[in-house]
Amino acid sequence: PRIVVHFDHQPFETEIRISLRLFPYAIKEHRNRWYVVGWQLDYGAVRVFGLDRLVDGSVYVTDDTFEAPAFDADLYFRQALGVAAYDNPPEDVVLSFTRQQGLHFQAQPCFPFQTEDILIDNDEEFRVKLSIIVNKELVYELARLGSGVKVLSPPSLIESLTNFLRQALDRYDQATRSGSPFAD
């Protein structure tokens with residue numbers, strides 16, 4: 001028999017608790033938060049759940065005859081930043097950095113790359129191509145890098161990052177106009 005974990009999960013964006021059955025594969029840490037990675041029986045796919053959002057007192061374990069598919073955590077997360085892999089294929093993401101930001105990126109990259117991934121490295125620009133899954137964590141990381149980086153492709157990532165930054169700017173503009181730091 002295999003162990004199946006039953007628990008209620010409380011996503012941040014809703015008050016609705018979701019009851020789940022999960023065959024656990026691994027525990028993963030990202031940015032000082034812990035996640036359980038497993039095969040969600042009712043969904044029929046690998047899913048990731050924040051342990052801090054499990055409802056207290058709702059967790060229990062049962063034996064089950066379910067046979068989960070094989071899973072390799074290193075392979076699953078290899079081309080994703082963070083824990084949101086979504087089973088999406090990686091895309092070629094081309095980033096252009098100012099020389100200074102490029103030096104920072106090379107010293108402490110948010111995602112591993114090889115020498116052959118460097119497209120330009122001169123006094124004006126550092127350009128690199130990453131084969132990575134496009135997810136929210138990538139958008140947040142690129143926003144954190146600020147004006148020292150520009151996404152050259154794919155267009156979907158350019159749009160996601162632009163929308164994210166525009167929403168942040170709009171929030172500041174509204175707060176400035178209203179005089180309230182919490183204006184929406």
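Trainee: Which residues are exposed on the other side of α2?
Mentor: On that side Q100 and A107 are exposed, where exposed means over 50% relative accessible area, buried under 20% and partly exposed in between, with a 1.4 Å probe and protein chains only. Keep in mind that this is a predicted model, in which local features need pLDDT of at least 70, side-chain atom pairs count only at pLDDT 80 or more, and totals for chains, interfaces and linings use all residues. Residues are numbered from 1 along each chain as its sequence is written, and side-chain values use heavy atoms, with hydrogens and water left out.

Trainee: And which residues of α2 are buried?
Mentor: Those are Q101, G102 and F105. Seen down the axis of α2, they fall within an arc of 105°, so they line one face of the helix; the arc is that of the directions from the helix axis to the C-beta atoms.

Trainee: What covers them?
Mentor: The cover includes β6, β8 and α3 (136–145). Helices (H or I, at least four residues) and strands (E, at least two) are DSSP runs, numbered from the N terminus.

Trainee: Okay, the sheet now: what is the order of its strands?
Mentor: The order is β7-β8-β6-β9, an open sheet of four strands with antiparallel pairing, and two strands pair if DSSP finds at least two bridges between them. At the edges stand β7 (118–121) and β9 (149–153), each with a single partner strand, so one side of each has no neighbour in the sheet.

Trainee: How many bridges join β7 to β8?
Mentor: Three bridges join β7 to β8 (residues 125–132), and the two run antiparallel; I120 stands opposite R127 in β8.

Trainee: Which strands does α2 touch when it packs on the sheet?
Mentor: Helix α2 (residues 99–107) touches β6 (91–98), β7 and β8, and its direction makes about 125° with that of β6. Contact here means heavy atoms within 4.5 Å, while axes are lines fitted to C-alpha atoms, for helices over the stretch in contact, and angles run from 0 to 180 degrees between N-to-C directions.

Trainee: Switching topic, is A26 buried or partly exposed?
Mentor: A26, which lies in strand β2 (residues 18–30), is partly exposed because its relative accessible area is 21%. Not counting residues up to four places away in sequence, A26 touches Y35, V36, V37 and A73.

Trainee: And N32, where is that found?
Mentor: N32 is in the loop between β2 and β3 (33–40), and it counts as exposed at 73% relative accessibility.
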